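The stops below go from one selection to the next.

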Amino acid sequence: MEKNILEHGLNFNRRRFLSKLSLGLGSVALGSLLIPDLFAGSFEEAGLPPGIPDFAPKAKRVIYLFQNGAPSQLESFDYKPKLREMMGQELPASIRAGQRLTGMTANQSSFPLVGSYYDFKQYGQSRAWISDLFPHTAKVVDDICIIRSMFTEAINHDPALTFFQTGAQQGNRPSMGAWLSYGLGSENKNLPAFTVLLSRGKGNGQGVYSKLWTNGFLDSTHQGVQFSSGEDPVLYLKDPEGLNRFERRKMLDKLAELNEMSYKEFGDPEINAKVQQYEMAYRMQTAVPEITDLSKEPDDIIKLYGPDCLVPGTFAANCLLARKLSENGVRFVQLYHQGWDQHGNLPNEMAGQAKDVDQASAALITDLKQRGLLDETLVIWGGEFGRTNYSQGAMTKDNYGRDHHPRCFSIWMAGGGIKPGIVYGESDEFGYNIVKDPVHVNDFHATVLNQLGLNHEKLTFKHLGRRYRLTDVAGKVIKDIIA
């Protein structure tokens with residue numbers, strides 16, 4: 001029985017495809033070239049075949065520079081001189097308005113306002129305010145869109161981080177990269193559609209874990225592939241000692257035969273998914289070593305990213321690797337830089353974190369732009385929530401901390417059809433509440449999918465009797481930031 005594909009608003013099947021074109025074998029040949037899986041009988045239960053967006057995409061790929069632990073917007077991209085003027089004074093009750101606090105500050109007897117230890121200056125045609133902690137980002141301010149009005153419901157790291165990565169605060173949901181792999185497929189058959197790179201700063205670290213790049217209830221072929229900084233970029237990719245490539249090929253062929261027998265008996269789609277993963281690993285044996293070798297990069301690129309880009313496992317090295325993976329067709333490259341959880345000693349720790357990421361983040365924008373790739377690559381920078389305008393614990397002139405603040409924070413986006421050189425959204429003069437153009441996490445996800453040509457309401461998967469999507473039952477595209 002043919003599978004009608006209804007989820008994208010089209011009554012579309014293989015028979016109709018051929019009959020409408022009425023060009024016989026020529027159409028079949030063209031279709032197989034343009035959409036390799038179209039006639040393979042490997043349709044997902046819902047949605048168009050991988051590689052077909054709902055409408056013309058502005059971006060082909062995503063590089064997500066996730067700042068794990070939540071950097072303070074008040075020391076980065078949201079300038080609030082009022083906090084310096086009122087340094088040490090109590091947060092007005094009318095501004096807090098009884099909003100939820102974490103258990104770390106809920107019992108504080110006082111909530112003294114604290115302004116940024118670091119100065120801000122205006123840059124670019126947008127005259128955007130940027131902290132002195134981010135001088136390299138300031139140089140590319142006309143290429144980025146700063147959103148100062150992000151908000152979320154989650155107030156603790158695990159649910160907030162999981163929410164940004166999967167669209168739900170609980171686990172076991174597909175991550176963003178998995179959804180894009182499911183919806184669009186891969187551009188390079190020798191590389192996974194979704195890869196993950198980890199780095200750690202010197203600050204307090206909130207951990208990351210595999211549920212953040214899980215496939216959830218999607219086929220396991222959509223799970224993110226973690227690259228490591230060790231001798232083997234992808235673990236267990238090499239052939240065992242004594243097994244050559246020819247023997248590996250024979251083993252995989254025999255394994256495929258056995259799995260085909262199991263599939264016919266049990267009908268479990270994960271059996272076929274495992275075979276696809278074995279084949280991907282076989283192809284990656286050739287592709288991965290070449291791509292992960294950064295030693296052949298020219299001197300001007302090394303200078304652009306900074307000397308740390310030659311140190312495996314650093315944020316700079318991962319940014320450079322992200323560019324190489326992206327230009328080779330990896331659909332979604334996810335970076336996590338840990339260490340942004342500054343509940344105390346914020347001026348010192350945040351300076352170190354900013355130094356880790358500032359040059360390389362800006363270099364990635366410049367590098368993609370000069371290669372003509374920025375227009376088709378969406379770059380995202382930000383954490384899981386923001387930071388309070390009052391000090392957590394003791395405060396001095398040179399030292400303080402900030403607690404979690406989910407109701408108002410900043411991220412930036414660049415490339416991929418996002419308007420460059422603009423600031424979107426606005427917080428109040430205390431940096432506590434949004435006063436203009438709020439952007440929820442669901443809206444953020446809807447906009448990212450939109451830039452890749454996907455309608456967030458139609459990218460669904462039926463599981464346990466319900467159709468799920470990345471944006472759940474909410475989300476709207478933020479059209480004002482789209483070029």
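Start by selecting Asn 68, which stands opposite Gln 338 in strand β7 (residues 332–338). The model is predicted: local features need pLDDT of at least 70, side-chain atom pairs count only at pLDDT 80 or more, and totals for chains, interfaces and linings use all residues. Residues are numbered from 1 along each chain as its sequence is written, and side-chain values use heavy atoms, with hydrogens and water left out.

**Strand β1**

Helices (H or I, at least four residues) and strands (E, at least two) are DSSP runs numbered from the N terminus. Seven bridges pair β1 with β7 in the parallel sense, and six join β1 to strand β8 (residues 377–382), also parallel; two strands pair if DSSP finds at least two bridges between them. On the β8 side, Ile 63 stands opposite Val 379.

Buried means under 20% relative accessible area, exposed over 50%, and partly exposed in between (1.4 Å probe, protein chains only). Arg 61, Ile 63, Leu 65 and Gln 67 point one way, while Val 62, Tyr 64, Phe 66 and Asn 68 point the other.

**Aromatic residues**

Next select Tyr 64, Phe 66, Phe 164, Trp 213, Tyr 336, Phe 409 and Phe 444, which form one aromatic cluster. Rings of Phe, Tyr and Trp (its six-membered ring) pair if their centres lie within 6.5 Å; planes under 30 degrees apart count as stacked, over 60 as edge-to-face and the rest as tilted. The structure holds 22 aromatic pairs. In one of them, the rings of Phe 164 and Phe 409 have centres 6.1 Å apart and planes at 65°, so the pair is edge-to-face. Phe 164 is in helix α6 (residues 157–166) and Phe 409 in strand β11 (residues 409–414), 245 residues apart. Phe 164 is buried at 0% relative accessible area, and Phe 409 is buried at 1%.

**His 404**

Now go to His 404 in strand β10 (residues 404–405). Is His 404 buried or exposed? His 404 is buried, with a relative accessible area of 5%. A polar atom of its side chain lies 2.8 Å from the backbone oxygen of Ile 155. The side chains of His 404 and His 157 are joined by a polar contact of 2.9 Å. A polar contact is a pair of N or O atoms within 3.5 Å; within protein, one must be able to donate a hydrogen and the other to accept it, and residues adjacent in sequence count only if both atoms are side-chain atoms.
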